Amino acid sequence: MDVDDYAREIKPHHKRSKLLAFKEQIRALKQKGFSDMQVRDWLAQNGVQVSRENVRKFIKRHLVDVDENKTEDEQQSPGKIGQAEKRTDLGSADKADAKQIANTKESPAERLRRLAQEQRDEADSKRFSHDKTGNNH
């Protein structure tokens, strides 16, 4: 049997998520603020047994526009910044701070790194320092 004969007889197995059939319903639940566990429970009630982790991965891959930390209104109008946010006073902020303020799509890991660095910087600025002669700075 050659490749063409085999291809005619056997259909290739495409690994497709069983959650794709529920994509819009999952999107609606997440936009209304339901947790991944609640989405999993809803899917179970509809005959689909998956883990919470599979729901999380599906949302990450297929529903990138859904963010758990946003309200439903913010979900529906991404990219719109309120007038108060547009008029952020940068004062003496340097370019790095301006980029952080402008960057609204920040991953949780990036946010934690930024917050940790801000805490270190604040601690450094409050730390008592002096030179070898005993002069305070």
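**Briefing: salt bridges, core and surface patches**

A search of the whole structure finds seven salt bridges (a side-chain nitrogen of Lys or Arg within 4 Å of a carboxyl oxygen of Asp or Glu). This is a predicted model, in which local features need pLDDT of at least 70, side-chain atom pairs count only at pLDDT 80 or more, and totals for chains, interfaces and linings use all residues. Residues are numbered from 1 along each chain as its sequence is written, and side-chain values use heavy atoms, with hydrogens and water left out.

**Salt bridges**

- Side chains of opposite charge can pair when their charged atoms come close.
- Aspartate 5 and arginine 8 are joined by a salt bridge of 2.4 Å, N to O. Both residues belong to helix H1, three residues apart, about one turn of the helix; helices are DSSP runs (H or I, at least four residues), numbered from the N terminus.
- Aspartate 5 is partly exposed at 29% relative accessibility, while arginine 8 is exposed at 60%. Here buried means under 20% relative accessible area, exposed over 50%, and partly exposed in between (1.4 Å probe, protein chains only).
- Lysine 30 pairs with aspartate 36 in a salt bridge whose closest N and O atoms are 2.7 Å apart; both residues are buried.
- In helix H4, glutamate 53 and arginine 56 lie three residues apart, about one turn of the helix, and their side chains form a salt bridge of 2.4 Å, N to O. Salt bridges that share partners join Arg52, Glu53 and Arg56 into one network.

**Nonpolar core**

- The largest nonpolar core has 13 residues, of which Leu19, Ile26 and Leu43 touch the most other members. Such a core is a set of buried Ala, Val, Leu, Ile, Met, Phe, Trp, Tyr and Cys residues joined through side-chain atoms within 4.5 Å.
- Helix H2 (23–31), helix H3 (36–45) and H4 each give two or more residues to this core; H4 gives the most, with three residues.

**Surface patches**

- Met1, Tyr6 and Ile10 form a nonpolar surface patch with about 360 Å² of accessible area together. Patch residues have over 30% relative accessible area and no salt bridge, with like charges joined within 9 Å and nonpolar side chains (Val, Leu, Ile, Met, Phe, Trp, Tyr) within 5 Å. Accessible areas come from the Shrake-Rupley method with a 1.4 Å probe.
- Isoleucine 10 is in the loop between helix H1 (3–9) and H2 and is partly exposed, with a relative accessible area of 39%.
- Lys15, Lys57, Lys60 and Arg61 make up a positive surface patch; Lys and Arg count as positive, and the place of a charge is taken as NZ of Lys or CZ of Arg.
- Lysine 60 sits in helix H4 (residues 52–62) and is exposed, with a relative accessible area of 60%.
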